[in-house]
Amino acid sequence: VSKKRASRGLALWKYLVGAWITAVVLAAFLYVRQAQGFAPGTSRIMLFHVPMAMMSVIAFWTSMVYAIHALRKRETVADMKSEYAAELGLLFGILATVTGSIFAAGNWNSFWNWDPRETSMLVLLMIYGAYFGLRSAVEDDERRAALSAVYNIFAGVVMPFLVFVVPRIPALESLHPQNIWKSGGMSADYRIVLYSGLLGYLGLFVWLFQLRLRAGLLAQRDETQSLTSGVMVK
Amino acid sequence: VNAILLFALTTLAVISFSISARGLAEGVKAGILSSLLWVVLFFSAMSGLPRVFVKEEDARTVLALRLTARPHVIFLGKLMFNVALLFLVTLAVVPLYLILMEPTVQRWGPFLAVLVLGMGGLAGASTLLAALVAKTSSRGELFVVLAFPLLLPLLVCAINGTVGAFVGARPEEIRGYLVVLAAYLVATVTASLMLFEFVWEG
């Protein structure tokens with residue numbers, strides 16, 4: 001019964017998030033005006049790009065927290081959660097990179113500039129790409145959980161160094177607007193829609209995460225059932 | 001060990017006869033030469049470091065090792081082997097590089113410090129990853145993929161520090177890079193000591 005209630009709650013959540021994000025998209029085009037100082041027609045993409053990048057970092061943090069949990073408690077579920085959070089982080093990260101790249105082509109004359117934030121996003125994507133490479137190279141479930149959690153945490157230890165290093169990559173100063181977060185840098189309409197977008201993505205993340213977790217648990221149950229009953233499925 | 005040294009010398013030879021930095025402006029030259037030096041050192045290290053644990057798996061001595069010694073002792077032993085290996089590579093490559101490519105080293109102290117800390121950090125971060133990779137089915141190929149994004153901060157600092165030593169930058173400027181390299185070394189070795197157990201027993 002509780003399972004049924006949970007799945008009904010998830011369905012309700014889905015419609016809520018869907019409606020919220022639809023409202024944010026409409027607001028981004030109808031309510032928000034063009035910002036000054038950008039190439040014409042390009043300023044609105046940042047309403048989607050910035051929260052996507054934030055969301056991807058939040059998802060990677062989530063993944064690392066679950067990795068610590070998986071190492072400590074040796075629970076399969078924690079390992080699955082860590083994997084799914086990393087998957088979603090990668091999804092949001094790729095979307096943020098692509099939208100950022102489109103914006104860059106319009107404003108900075110090139111799809112890729114080795115701007116500090118572009119670089120650090122690229123390194124994040126490479127780390128979690130490697131993480132999935134590692135996962136697919138280990139057959140045994142328990143061992144995969146331990147090894148990938150170790151890599152996840154180790155990456156978390158190294159990440160702070162990027163903060164020092166990245167601004168020193170010789171190419172350029174940051175092209176990203178620097179003091180836009182201070183008051184007056186961004187007009188109120190942008191601020192409202194941007195944070196609403198982040199809220200919407202958080203909701204989307206929770207929904208996708210729960211959905212993925214349910215699918216993963218079902219697949220796992222199928223596997224153990226077919227093993228215990230001695231019937232080969234497939 | 002022989003293979004790694006030969007690998008390093010081959011790369012060095014390729015670079016030496018294909019690129020001449022003579023006649024370039026001082027700043028550009030320092031940038032190119034320090035990048036190339038670290039490319040040679042990095043790829044030589046990448047060709048050798050993952051072997052330490054794979055060797056044990058291949059020779060089927062892992063179980064015996066696991067029975068006789070505690071995890072952190074094994075980790076420190078492997079780390080020291082890797083450090084020794086990299087210093088050997090550095091000793092072979094750097095003098096030859098200085099002779100063949102003729103960079104002007106203005107500050108020897110910082111230059112050597114960057115080399116020592118950079119190679120130490122390379123060994124420090126790679127040892128845990130080598131242990132990880134030895135437990136997977138693909139081993140060698142995976143190692144570079146896992147290591148590169150994590151070693152990027154180290155490489156950037158080492159390259160910039162070397163540029164500073166080549167052009168004779170102010171000592172405070174180079175000291176910043178040295179501090180980060182040292183912190184990287186300490187952080188990765190500490191984290192490895194805590195995490196190694198889970199890899200080794202897994």
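Two residues are taken to be in contact when heavy atoms lie within 4.5 Å. On this basis, in the predicted model, 32 residues of chain B are in contact with 26 residues of chain A. The size of an interface is often given as the accessible area lost when the parts come together. For chain B and chain A the buried area is about 2700 Å², and carbon and sulfur atoms give 85% of this area.

Specific polar pairing across the interface was examined next. The search returned 0 salt bridges between chain B and chain A. Polar contact was found for 2 residue pairs across the interface, both at pLDDT 80 or more. On the side of chain B that touches chain A, at least two residues each come from α6 (108-134), α7 (140-167) and α8 (171-201) of chain B. Of the elements of chain B, α8(B) gives the most to this side, with 12 residues. Sorted by class, the side of chain B that touches chain A holds 23 nonpolar, 8 polar and 1 charged residues.

Side chains of opposite charge can pair when their charged atoms come close. Over all chains, the whole structure contains 7 salt bridges. One of these joins the side chains of A:R135 and A:D79, with an N to O distance of 3.1 Å. A:R135 belongs to helix α4 (residues 116-136) of chain A and A:D79 to helix α3 (residues 76-107) of chain A, so that the pair, 56 residues apart, links distant parts of the chain. Both A:R135 and A:D79 are buried.

A:R135 also meets A:E83 in a salt bridge between side chains, at 3.4 Å from N to O. Because A:E83 lies in helix α3 of chain A and A:R135 in helix α4 of chain A, this pair ties together parts that are 52 residues apart in sequence. With buried residues defined as those under 20% relative accessible area, A:E83 counts as buried because its value is 17%. A:R135 is likewise buried, its relative accessibility being 6%. Together, A:D79, A:E83 and A:R135 are linked in a network of salt bridges.

A further salt bridge in chain A is formed by A:R144 and A:D141, whose closest N and O atoms are 3.2 Å apart. Both A:R144 and A:D141 lie within helix α5 (residues 141-165) of chain A, and their separation of 3 residues is about one turn of the helix. A:D141 is partly exposed, having a relative accessible area of 42%.

Definitions and conventions
Residues numbered from 1 in each chain as written. Chains lettered and ligands numbered in written order. Predicted model: local features only at pLDDT ≥ 70, side-chain atom pairs only at ≥ 80, totals over all residues. Heavy atoms only, no water. Buried area = accessible area lost by both parts, 1.4 Å probe. Salt bridge = Lys/Arg side-chain N within 4 Å of Asp/Glu carboxyl O. Polar contact = N/O pair within 3.5 Å; in protein donor to acceptor, adjacent residues only side chain to side chain. Helix = DSSP H or I, 4+ residues; strand = E, 2+ residues; numbered from the N terminus. Nonpolar A, V, L, I, M, F, W, Y, C, P; charged D, E, K, R; others polar. Buried < 20%, exposed > 50% of the residue type's maximum accessible area, 1.4 Å probe, protein only.
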